[in-house]
Protein chains: 2
Amino acid sequence: MQVFDAIRTMLAVREYQDRPIPDGVVARILEAARLTGSARNRQGWDFVVVRDRATLRQLGALASTGKYIADAPLAIAVVVPENTTGYMDGSRAAQDMMLAAWAEGVGSNVVTSGNTPEIKELLGVPRERMILMLIPFGYPAGKVGAGRKNRKRLDEIAHAERFGQPFGG
Amino acid sequence: MQVFDAIRTMLAVREYQDRPIPDGVVARILEAARLTGSARNRQGWDFVVVRDRATLRQLGALASTGKYIADAPLAIAVVVPENTTGYMDGSRAAQDMMLAAWAEGVGSNVVTSGNTPEIKELLGVPRERMILMLIPFGYPAGKVGAGRKNRKRLDEIAHAERFGQPFGG
């Protein structure tokens, strides 16, 4: 899948087929994370790869906005230092993982309610680190639309030369 | 360019040809940002598109770690609310912009020293918003390698089921 097509069509997927993700695809998702650029190439990130059904169920039960993790065949916790660089680098790696997955037909979604003491304990995450995101992955259960998205218009978010001067193209 | 190839080969580019980026490519970069997913689809981001040479020179002079912005034909300031959601969403949009550019042969790099009062004033960014990143874009001046990257090994960053159990694949 071409880069722009992946970006254009990728949608949040919260319902998954009961079908495992092949090891090769999991490896490719992690490789995408590993190869992502980070500030000063610090790579201060860790990725906890969860495929155990019992753990996925517990994550679904514990993550207030991510019940559907329970039904995913895979979830990856993005663990970073709790600072702006950590947030930025972890988010860039997350986006690369999600795009790499999407190119293989695998949907995902970002769950940001994963940084609780209970979930950190479940995944063994050190106290001083932060679970920036939990990302469940899976083959979409329903038909995925052709990239119709509900987004602001470009002139609402893009500015020419100075903030407040709408970008005309 | 295929998604994984873009992720695999994208490198930070800090030296640019003296060659403008066509409007169609700029539009595609911005469209990539616009179509990025965000927490609760909030899209709380703004993008200031700078192509004016004098402004680019001033950005290069003012951004302590981004002198090379002065020589880029384009820089985009990613402006977000100063909170974790803002950091995450802005970084995801940034990654999509950089990948979309890379697929068109355009390199970029993240400059994180842009959130100063002087630069905010130069770009007219409201006081309560944050310049998360300045991203200069341009055609690479030198030959870009075939994706050789200096990165940690997978087992140093990926954990199986629990933090501390190296992921074996």
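**Exercise 1.** How much area do chain A and chain B bury between them, and what percentage of it lies on carbon and sulfur atoms?

*Solution.* The model is predicted: local features need pLDDT of at least 70 and side-chain atom pairs count only at pLDDT 80 or more, while totals for chains, interfaces and linings use all residues. Residues are numbered from 1 along each chain as its sequence is written, chains are lettered from A in the order in which they are written, and side-chain values use heavy atoms, without hydrogens and water.

Step 1. Buried area is the accessible area (1.4 Å probe) that two parts lose on being put together, summed over both. Chain A and chain B bury about 6100 Å², with 59% of it on carbon and sulfur atoms.

Step 2. Of the area that chain A buries against chain B, 13% comes from Arg151(A), Glu161(A) and Phe163(A), more than from any other three residues.

Step 3. With contact taken as heavy atoms within 4.5 Å, 70 residues of chain A touch 70 residues of chain B.

**Exercise 2.** Describe how α4(A) packs against α4(B).

*Solution.* Step 1. Helices are DSSP runs (H or I, at least four residues), numbered from the N terminus. Axes are lines fitted to C-alpha atoms over the stretch in contact, and angles run from 0 to 180 degrees between N-to-C directions. The axes of α4(A) (residues 84–102) and α4(B) come within 8 Å and cross at roughly 50 degrees.

Step 1. α4(A) is therefore oblique to α4(B); angles under 35 degrees count as roughly parallel, over 145 as roughly antiparallel, 65 to 115 as roughly perpendicular and the rest as oblique.

Step 2. Residues making the contact include Tyr87(A), Met88(A) and Leu99(A) of α4(A), and Tyr87(B), Met88(B) and Leu99(B) of α4(B).

**Exercise 3.** Which orientation do α2(B) and α4(B) adopt relative to each other?

*Solution.* Step 1. The axes of α2(B) (residues 23–34) and α4(B) (residues 84–102) come within 8 Å and cross at roughly 150 degrees.

Step 1. The two helices, α2(B) and α4(B), are therefore roughly antiparallel.

Step 2. Among the contacting residues are Ile29(B) and Ala32(B) of α2(B), and Ala93(B) and Met97(B) of α4(B).
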